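Good morning, colleagues. I would ask you to turn to the sequence and the structure, which I shall then discuss for a few minutes.

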Amino acid sequence: MRKKRIVKFIGLVLLFASLSSCASKKIPYLMEATNETLVSDSIYESKIGINDELTLVVSTPTPEAAAAFNLITTPTPISANNVTASSSMYANLQTYRVEVDGTIDFPILGKLSVAGMTRRQLAAEIKNKIYPIYLTEEPIIIIRYANFKIAVLGEVAHAGSFVVKDERLTIFDALAMAGDMTIYGSRKDVLVVREDDKGNKITARLDLQDKNIMKSPFYHLKQNDVVYVKPNKHKGNSASV
């Protein structure tokens, strides 16, 4: 009886060892990558969507001239020599929420259709509408996302929601923020859930070992994307054991 137990124990040890060995072979990312340059058609820029919250700063050499275009909750003094807004000013700015019709209500100009535009495009449009009609000094317009966040779930070290300051975020950046995948995460089948402009949920499955992932429209993440790393079959097998 004792001998049978020992044999079973050794069998389990060998089984776990084989599972761990198989799992370790599937840890690397971008296994097909070589010494080559992957040319992109364009530099990625996130597009503004419904329910996004934006901060917009209009700055001129004479701060008082642009004051009417900046919704500030608490007045903050700005140096006349400082053309770009100070960091303290950002903390006091009211945010603009993009409504379900894709618009924001901007001072003086009223309703602006912004959904589907990049920050750079929106800044250029606002500039064209206020200069030189309302301002004699050429303004600098800075637009930032106030609520750009993503969620990473599943087989990662630290699952959770993450607020992002720079919207140029890749799937690998998201995994890095979550402490990377565990050895049991499936590198070949990572799910991304995204909401489109009409509120529909769309999904995509990414193979992180394939270099062509960089060409996927889901390689760069968008506002409120959810990344789910499912467990690989080896963890499932070990769990059943």
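Predicted model: local features only at pLDDT ≥ 70, side-chain atom pairs only at ≥ 80, totals over all residues.

Where in the chain do phenylalanine 69 and tyrosine 134 lie? Phenylalanine 69 belongs to the loop between helix 2 (63-66) and helix 3 (87-91), whereas tyrosine 134 belongs to the loop between helix 4 and strand 5. The pair thus links distant parts of the chain, with 65 residues from one partner to the other.

Are the two partners buried or exposed? Phenylalanine 69 has a relative accessibility of 2% and counts as buried, because the cut-off for that class is under 20%. Tyrosine 134, at 44%, is partly exposed. Both residues also belong to one aromatic cluster, together with Tyr96 and Phe106.

I turn next to the backbone. The loop that carries tyrosine 134, between helix 4 and strand 5, also contains proline 132; helix 4 spans 119-130 and strand 5 spans 140-145. The peptide bond that leads from tyrosine 131 to proline 132 is cis, and its omega is near 5°.

Which residues have a positive phi although they are not glycine? Isoleucine 108 is one of them, with phi of about 70°. Its place is the loop between strand 3 (103-106) and strand 4 (110-113), and its relative accessibility of 48% makes it partly exposed. Aspartate 180 is another, with phi of about 75°. Aspartate 180 sits in the loop between helix 5 (171-177) and strand 9 (185-195), and is partly exposed at 31%.

Finally, the protein as a whole. Its secondary structure comprises 6 helices and 12 strands. Of its 241 residues, 37% are buried. Among contacts with a separation of 6 or more, 64% are between residues 24 or more positions apart. The accessible surface amounts to about 14200 Å², and carbon and sulfur atoms contribute 55% of that area.

Definitions and conventions
Residues numbered from 1 in each chain as written. Heavy atoms only, no water. Helix = DSSP H or I, 4+ residues; strand = E, 2+ residues; numbered from the N terminus. Buried < 20%, exposed > 50% of the residue type's maximum accessible area, 1.4 Å probe, protein only. Contact = heavy atoms within 4.5 Å. Areas by Shrake-Rupley, 256 points an atom, 1.4 Å probe, with all protein chains shown as cover. Phe/Tyr/Trp six-rings, centres within 6.5 Å; stacked < 30°, edge-to-face > 60°.
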